[in-house]
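Please have the sequence and the model open side by side.

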Amino acid sequence: MTALTDLSPNLLWFFFDKICSIPHPSKHEAALSAWIQNWAREQGLSVMEDKVGNLIIKKPATPGMEDRKGVVLQAHIDMVPQANADTDHDFTRDPIRAYVDGEWVRATGTTLGADNGIGAAACLAVLADNSLVHGPLEVLLTIDEEAGMTGAFGLEPGLLEGEILLNTDSEQDGEVYMGCAGGIDANIRLAFEPTAVPADHQALRLSVKGLRGGHSGVNIHQDRGNANKLLARLLLTASENVTLHLAQMEGGTLRNAIPREASALLWVAQKDVDALQQQIAEHGALLQTELKEIDSFLEISLQSASAPTEVMDADSQRRLLAALVACPNGVIRMSQAIAGVVETSTNLGVIKTIDHEIFIQCLIRSLNNEGRRYVEQMTHSLFTLAGARCELSGGYPGWAPDPASPIMQQLRDTHQALFGELPKIMVIHAGLECGLFKANYPHWDMVSFGPTIQGAHSPDEKVHIPAVARFWQLLSKLLAEIPRRD
């Protein structure tokens with residue numbers, strides 16, 4: 001089999017292979033950060049770790065390029081930890097098992113971390129490759145982008161000197177991004193009264209799995225199945241015909257990933273088991289038909305389970321299921337200014353049972369503050385009416401497009417010179433750190449680009465090898481053509 005280090009460009013793939021070998025899920029980046037710092041010092045590069053854990057590595061300009069505008073080359077070093085249910089993987093201890101599959105690199109049963117490991121590998125490769133021509137260069141590697149943008153929030157003014165930021169966190173070859181959505185988390189808690197389980201009942205687990213999942217920004221417009229919403233619909237429909245007692249609900253693991261799996265632990269009277277099975281089979285078949293064009297591997301199962309010690313009180317159960325079915329999810333509004341771009345969306349990403357409380361987390365995104373505010377109000381109002389507490393936190397701004405951006409124009413021209421075609425100039429609905437950087441570095445001229453990555457935030461994640469080579473060509477030539485300082 002072809003090893004990653006046999007691929008071209010060799011330096012970039014060497015560093016990506018190394019990144020895969022060191023566990024680095026969000027909030028657990030310390031080992032990878034330590035390795036990068038040691039490596040940079042061995043190369044004689046200036047490296048510092050700021051107060052929140054971001055790394056800043058500086059490389060002097062190549063001779064004759066000292067008068068060029070300073071460039072900040074940026075990536076984040078954390079990854080989304082998602083594994084298939086049948087994959088035993090501890091993201092804090094186990095390496096990512098990456099392999100070559102034709103023109104793609106994938107991982108065995110887990111997310112690959114090409115988002116944003118390929119960008120981070122490119123940054124390190126630029127630092128390592130002394131054959132490249134460039135002006136004054138700073139590499140900014142941020143932490144915890146996927147779980148809260150802690151690194152971008154904590155980046156202090158005055159640490160970086162560059163005028164241009166090249167963000168490497170985009171996922172489509174041939175596209176250049178000049179703006180992104182902002183977002184905010186809705187954290188919802190619905191307390192319930194534990195109730196003793198009635199006699200002559202059977203414990204069952206209702207499971208929804210086999211969905212594609214994906215990135216709640218990049219893939220939200222594709223109407224992929226949301227396991228949390230499907231489970232709620234199944235439960236509400238079944239409860240209209242059969243008395244069931246809900247003991248536990250679990251679904252999704254990250255607010256920025258479309259949930260692929262969800263399950264509920266139920267307590268059902270023995271006499272009603274057959275009726276419940278029929279209800280689930282009938283409604284499950286309707287859902288499979290509904291999603292057959294986009295999520296054809298949807299599986300719905302009802303199996304025996306260990307008996308719960310207590311269940312949710314009937315009133316809380318009724319309010320919970322009604323609220324989950326009514327909860328907004330997916331695209332709320334398409335942009336009226338930019339054709340084909342999602343303006344506002346929300347993702348019902350996580351449901352957990354914690355003690356005597358149901359925890360629900362949604363990620364709301366929008367290109368503008370008013371769109372975000374509308375969904376905040378909708379979500380808060382709905383769950384307040386259902387008797388839950390809804391707290392909004394972790395808000396981050398969008399990155400307003402600048403059609404006159406000089407670096408965007410230069411990247412467009414460089415792309416055409418290299419590949420004979422203009423790239424698409426886009427605004428991405430996913431959150432990028434660029435909007436947060438603008439708060440402390442308002443003078444930065446910013447652009448985002450990267451190779452093709454599909455299935456980000458899911459175990460289907462894969463990165464296109466030829467696109468990585470094109471990305472490296474584009475990055476290398478762009479650095480060599482950065483203009484002189486005014």
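## Helix α1 against α3

The crossing of α1 and α3 is right-handed. Handedness here means left-handed if the near helix is turned anticlockwise from the far one by less than a right angle, and right-handed if clockwise. Helix α1 covers residues 10-21 and helix α3 covers residues 114-128. Their axes come within 8 Å and cross at roughly 130 degrees. That angle makes α1 oblique to α3. Angles under 35 degrees count as roughly parallel, over 145 as roughly antiparallel, 65 to 115 as roughly perpendicular and the rest as oblique. Axes are lines fitted to C-alpha atoms, for helices over the stretch in contact, and angles run from 0 to 180 degrees between N-to-C directions.

From α1, the contact uses L11, L12, W13, F15, F16 and I19. From α3 come A114, G117, I118, A120, A121, A122, L124, A125 and A128. Contact means heavy atoms within 4.5 Å.

## Basis of the model

This is a predicted model: local features need pLDDT of at least 70, side-chain atom pairs count only at pLDDT 80 or more, and totals for chains, interfaces and linings use all residues. Residues are numbered from 1 along each chain as its sequence is written, and side-chain values use heavy atoms, with hydrogens and water left out. Helices (H or I, at least four residues) and strands (E, at least two) are DSSP runs, numbered from the N terminus.

## Helix α2 against α3

Helix α2 spans residues 30-42. It packs on α3 at an angle of about 15 degrees, with the axes 11 Å apart. This makes α2 roughly parallel to α3. The crossing is left-handed. W35, I36 and W39 of α2 meet L124, L127 and A128 of α3.

## Helix α5 against α6

The axes of α5 and α6 come within 10 Å. They cross at roughly 140 degrees, so α5 is oblique to α6. The crossing is right-handed. On the α5 side the contact residues are L230, R233, L234, T237 and A238. On the α6 side they are L276, Q279, I280, H283, G284, L287 and E290.

E290 and R233 also form a salt bridge, with the closest N and O atoms 3.0 Å apart. E290 lies in α6 (residues 273-290) and R233 in α5 (residues 227-239), so the pair ties together parts that are 57 residues apart in sequence. E290 counts as partly exposed at 47% relative accessibility. R233 is also partly exposed, at 26%. Buried means under 20% relative accessible area, exposed over 50%, and partly exposed in between (1.4 Å probe, protein chains only).

## Other salt bridges

How many salt bridges does a search of the whole structure find? The count is 22. The criterion is a side-chain nitrogen of Lys or Arg within 4 Å of a carboxyl oxygen of Asp or Glu.

R412 pairs with D413, the closest N and O atoms being 3.4 Å apart. R412 is partly exposed at 28% relative accessibility, and D413 is partly exposed at 40%. E481 and K477 form a salt bridge at 2.8 Å, N to O. E481 is partly exposed at 33%, and K477 is partly exposed at 28%. Salt bridges that share partners join R189, E357, R389 and E391 into one network.

Helix α7 (residues 314-326) has 13 residues. Its first and last C-alpha atoms are 18 Å apart, close to the 18 Å expected at 1.5 Å a residue. The expected span is 1.5 Å times one less than the number of residues. The buried residues of α7 are S316, Q317, R319, L320, L321, A323 and L324.

Helix α11 (residues 465-480) has 16 residues. It reaches 23 Å from first C-alpha to last, close to the expected 22 Å. Its buried residues are I465, A467, V468, F471, W472, L474, L475, S476, L478 and L479.

## Loop residue M65

Where does M65 sit? It is in the loop between β2 (55-59) and β3 (71-76). M65 counts as buried at 5% relative accessibility. M65 and P136 are 71 residues apart in sequence and 7.6 Å apart in space, C-alpha to C-alpha. Leaving aside neighbours within four places in sequence, M65 is in contact with V133, H134, G135, P136, L479 and A480.
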